[in-house]
Each structure stands twice: as C-alpha cells, then as structure tokens.
2 protein chains.
Amino acid sequence: MFKYKFTRKMIIAATCALALINPVFSADKVYRLKLAETWPSNFPIFGDATKNLAKMVQTMSNGRLKITIDSKNKHKSPFGVFDMVRGGQYDMGHSASYYWKGKDPNTLFFTTMPFGMTAPEQYAWFYYGGGMDLMKKVYDRHGILSFPGGNTGNQMGGWFQKEINSVADLKGLKMRIPGFAGEVLAKLGAKPTNIPAGELYTALERRTIDALEWVGPSLDLRMGFHKIAPYYYTGWHEPGTELQYMVNKKKWDSLPADLQEILRVAMRLSAYDMYAQSYHASGENWAKMKSEFPNIKVKTFPKEVISAMEKANAELLVERAAKDPLAKEIIDSQAAYMKKVRAWSEISDNAYLNSQK
Amino acid sequence: MFKYKFTRKMIIAATCALALINPVFSADKVYRLKLAETWPSNFPIFGDATKNLAKMVQTMSNGRLKITIDSKNKHKSPFGVFDMVRGGQYDMGHSASYYWKGKDPNTLFFTTMPFGMTAPEQYAWFYYGGGMDLMKKVYDRHGILSFPGGNTGNQMGGWFQKEINSVADLKGLKMRIPGFAGEVLAKLGAKPTNIPAGELYTALERRTIDALEWVGPSLDLRMGFHKIAPYYYTGWHEPGTELQYMVNKKKWDSLPADLQEILRVAMRLSAYDMYAQSYHASGENWAKMKSEFPNIKVKTFPKEVISAMEKANAELLVERAAKDPLAKEIIDSQAAYMKKVRAWSEISDNAYLNSQK
C-alpha cells in the first residue's frame, strides 16, 4: 500500500514537473541564424552594422534569437553570399544588392544608381514610395527577403592624379570604378578596370591607374589615397549607397511572429544607424585628412562632363528598360519619385546650406 | 478515506495547475505604459510615429508590453506632457524638447537650433558625437529619459505677404515664429507673435500678421497658407526639428531588460522612420502645392539678412553660455561638431545636388 501510494505520487510529481518545465522550454526555444557578410573581419562601419544587429536581436528576444556572423575570412566567398543564402547554407547575408546583377540584372537598382537618389531621398522611396514592393518582386523569385542594410552616404567621385576639365580628358582614363558607373564612363571613352582592394594604393601611386573611387572619407582615410593623389572629386555615381540584408525565405517563415518582427526592426534600425555612423565618420575623417594634407583639392566635374555622363547614363537606362518590363517598372518608379523628392531636397537642406556660404 | 484521498488529489491537481500556469504568467506578465502626446488625435506624421511605436512594441514583445496613446484631445494638456511624465501621471510622452525651456532652459538645445545642424548631421551628433550624453545630463535632473522622437526635416522659413530684401524689411514685421528664432528676429526689430494654430490662416489672410512659419510642405499643405501668401522662404531657423520621446525613469527601471531594449529600439526606429515619412510627404505635398498654385515664389533671404540673423543668433548663444556651464558645454559641443560635419555635408550631398543644376 505504501509503495503503491509512493509510486502514484511519483507519477503525479513527474507529470507535474514535466508540465512545469514544458511551457518554459517552448517559450525559451532558441532560434539560431547564421549570417555571412561580404566584408572582412572587423571591417569598420559595415561590420558594426551586423554586430549592432546581433546584439539588439539577442537582448530584445531575451536570448531566444541568436545571430552568428561569419566574415569573408571564414566563409571565403564574399561574392557568394547571395547563392549561400538562396541555397540555405547561410540563413542571412549582409552585402550589397548590386553585386548580384550577374545573377539577376534587376538586383542592380536597390543599392544606388548614378545620378540617383541621396540617402534620405532613397529611404523615403524604399519605405514610403514603393521601393520595398519592387525589391520584393525581384527577390521573391529567388526565395530571398531583401532589406536595406546601411547607407554609406554620398560617395565621393574619387581620387584623381590629373584634373578633369572636359569630356576629352576622360578618353583613355584608366580608373578603378565598378558597376553601372563604369559602363557610363566607358561610353565616354574611359577605361574602367577592377583591381583588388589590397593593390589599389600601389596601382594609384605607380600610375598603373589614373584614378579610383572607393567610398568617401569614412573609409578612404585608412586606404591612404589622400597621400598620393592631389584631386578629390565630389560624387555623381553612388549618391546613396545602401547595403543589404538578405534572409532565406524558408528560414524566415520558420520563425514565430514576434521574432520575425524583432529581426525586421533590428535590421531596419541597424541600417539607419549605419547611415548616421557613416555621416559621423565622414565628418571626423575628412577633418583628419585636411589637417594632415591641407593641399587636397576638392573638385566637382565641370558642367560639360556632368551633362555628358548624365546623357550616357540615361541612354544605358533606356536600353535596360527596353529589355525587361520589371526593369522598366523600377527605373520609371525611381525616376518619377526622384523628380518629386529632389524638388524638396533643393528647397530644404540644399537651399539652407547654400544660403550660409 | 475516499473523501480524504479525493481532497488530496485535488490539492495535488491544484498545485500542479498553479505550477503550470505560473511560469506562463510570469513570462507573459503584461507591462502597460501610458503615453501622452502633444498632438491632437490622428495628427499626421507626428501621430503616426507613436502608432508605429506602439505596434512594433506590441508585436516584438508578443503582447507583453503595451502602450496606450492619449492625444491632447484626451489629456487636454499639450504643454503639460513634461510635467505629467515627470510626475508619473503618464509613463511616456511624445513632444518636443524645446517646449520645456521655461522649466529648464537647457532642454532648448535638443530639438533644433537656428543655423544649426540638418537632420542627418544632428542624428550623427546625437548617436555618435556625444549628443545623447548631454541630453541625459539635462534630463537626469528631472527623473526623465529623453530620446529623439522623429524629424520633420528642414523647416521652411515661412509664408510671407511681402518680399524681404534687406534687414530694414524685418523692422516691425509681425510674424508668427516661436522660440529661439523669434528672439533672433526680435533682436533685428521684428515683432514675433504667437497665435493658436486654428487662427493662423485668418490672421495671415487678413494681414493681422505679415508672415508665419509652420513646418514645411509635409504639414503646411493642409493649413492652406499657399492659397493666401505669395512668398515661401527657405529655412534658417529650424534646420532639423527632432521631436522627443520621454520615459519616466522609475517606470523604465521597473521594466525587464528585454522590454527596455524593445522600447529603446522601437523609439529609435520610429523616429528615423518619421524622418523618412516627412521627407516623402514633403516631396508629395510640394508637388501638389506647385500644381495647384504654380505662382508660389520660393525665395531665400538675401545674404545681408542671413548674415544679420547669424550674428544675432551667435550673440544670443554667447549670452546663454555665459549664464550656465551646462548650456556652454552643449553649445560648444554642437558648434564644434557642426563645423566638422558641415564640411562633409558640403562636399557630399550639397555638392552633388549643386552639380546637377
């Protein structure tokens, strides 16, 4: 009798304990996401965005959502991030959409475009002007969710050994400038080349190339180009470079709604924060460059050159739009939006800054 | 015996049920925050920021953190929000820091300043240039945490019945322009007045006032000023108006760490989002204004007037700094930061936009 009663009590106690433990465990189930980034370990600013993301997600979810970050030093495939997220080897990526134009030409439009929108204009387009829907249309085909991943701000036109005073000066110019902007310059007779980051300084110093563009003071300072090239041209080709978060669609769908929202919000915030951090670093680093090398000459391409580049750019866009209805839809959306929002930029910050000169 | 055993089983069952329910309840304990906003019900853009906040917080916390929003229609005290948050009648507020300068003069500096920073410059200062620490110093004294709460973008200089061609034209000018900018204009002989929002249209139409400033196209369109005043001046007095979230310190401390982070992140994101939404609405509404009233004349104050206003502003800041070491610390921080970051603004977006004109 005693034994029987004890056993029954044990069963009840065990059931009780299981009941106790179970809901705690299910509420505390830990979801782990592996993120591959295109950048090397501890890359400034870009790498801070993903660290910021992982930290926010960890704290907001009370440890239920954990993101581990692999830099290119680990995964060895900086330009394989799209494929790795599509294939599910990684759950997330941090990179830039225009790197994938070889895989899908319409991914080109979601980073920045020559003579396109500035960062505030482009954020307005993404979130309030239809940009997110268009990006979804492009990425849905690949089973990937794509989100803005941090803005560098307006990129400088680059470091030049010689002044550019006319379109003729572009003929034969050997310049490191990738992407669509490279195509624009090629139309005007320049020779765009691509050179690995580690070899750029020497190439510019030894005049293997005549010019290069990198980012702007925020990331140019550490490259040291200001020590070896006298002219720093203002930008035209990447007026608001937005990095990108990618999430594998199946993985996203497997997350509970609260963790999806935590992830969405943290990605969006880390992107905006990266824009503020880039703005800060640009101000700080530009002050350093000028104090160390007071003779840096800031130049803007003359009107003739800007007009020729605008014309070449417009022609390339017309070609793209003719090839693909979705490309046309995106190009038209960006053009119509920019027309409206630029009129505002001109009478707001731009008029204000000009009035104080 | 039967009765005894049944009762014991009941006790065990009850204990078991409590054990089952308890951890669920403690993980699911619902924290409720009451937020008072300065704006009327369904006020566009400003009111969207708090709705956006409440929705994000609700979803991210899986219902554990709930924010209820009372507009001024409910609490009847638009300029009592600071006191209500300090006193604990409300846990949170959404308003603007410069409204509290009568309670603490140093709250003035955390919204926007005449000839001060643009929105991207100011976000960089807040988050990476020491601004948050200074704001904390000011608000710690009041048991309030203060955070950026959404940016309107550069505010327009206002609607004028007559052109301003010289400093002499400011003499006796009756203008609705509150705050520090009003003090600047008063120094130059203008007569700043304050008039309730609902009476502004009639006052401007009947020339009771000669001019007024409101926000910019994003919120000016619905006020209809473009129908009755021919000149729309570009801004100088509020280059990056940042609204404010306030949280009662004791209430904040009572939240678990994950909910604190959810709240911090959601406030910060809703603020950035409001900046993007304002940018969007400004572009849209400016296009509408121009199509309905193509004769609106956009003007920038002539150099002579800008210089006189800059000088008056600088003198007022020197007076403030002399009165209070903390005011001096904030003014110096903003001035030093702006000097660096403005040099960047000028060679980035500003140079880019100018190059395309």
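Guide: The following account concerns the interface between the chains.

This is a predicted model, in which local features need pLDDT of at least 70 and side-chain atom pairs count only at pLDDT 80 or more, whereas totals for chains, interfaces and linings use all residues. Residues are numbered from 1 along each chain as its sequence is written, and chains are lettered from A in the order in which they are written.

Chain A is superposed on chain B by a rotation of 180° with 0.0 Å of shift along its axis, at an RMSD of 0.0 Å (least squares on the C-alpha atoms of residues with pLDDT of at least 70 in both). That is the relation of a two-fold axis.

In the interface, 66 residues of chain A are in contact with 66 residues of chain B (C-beta atoms, placed from the backbone, within 7 Å). Among the elements of chain A that give two or more residues to this side are helix H1 (2–27), helix H2 (46–60) and helix H13 (325–355) (helices are DSSP runs of H or I, at least four residues, numbered from the N terminus). H11(A) gives the most, with 19 residues. Of the interface residues of chain A, 100% are also interface residues in chain B, so the copies meet through the same surface.

By class, the side of chain A that touches chain B has 38 nonpolar, 19 polar and 9 charged residues (Ala, Val, Leu, Ile, Met, Phe, Trp, Tyr, Cys and Pro count as nonpolar, Asp, Glu, Lys and Arg as charged, and the others, Gly among them, as polar).

How values were computed: Contact = placed C-beta atoms within 7 Å.
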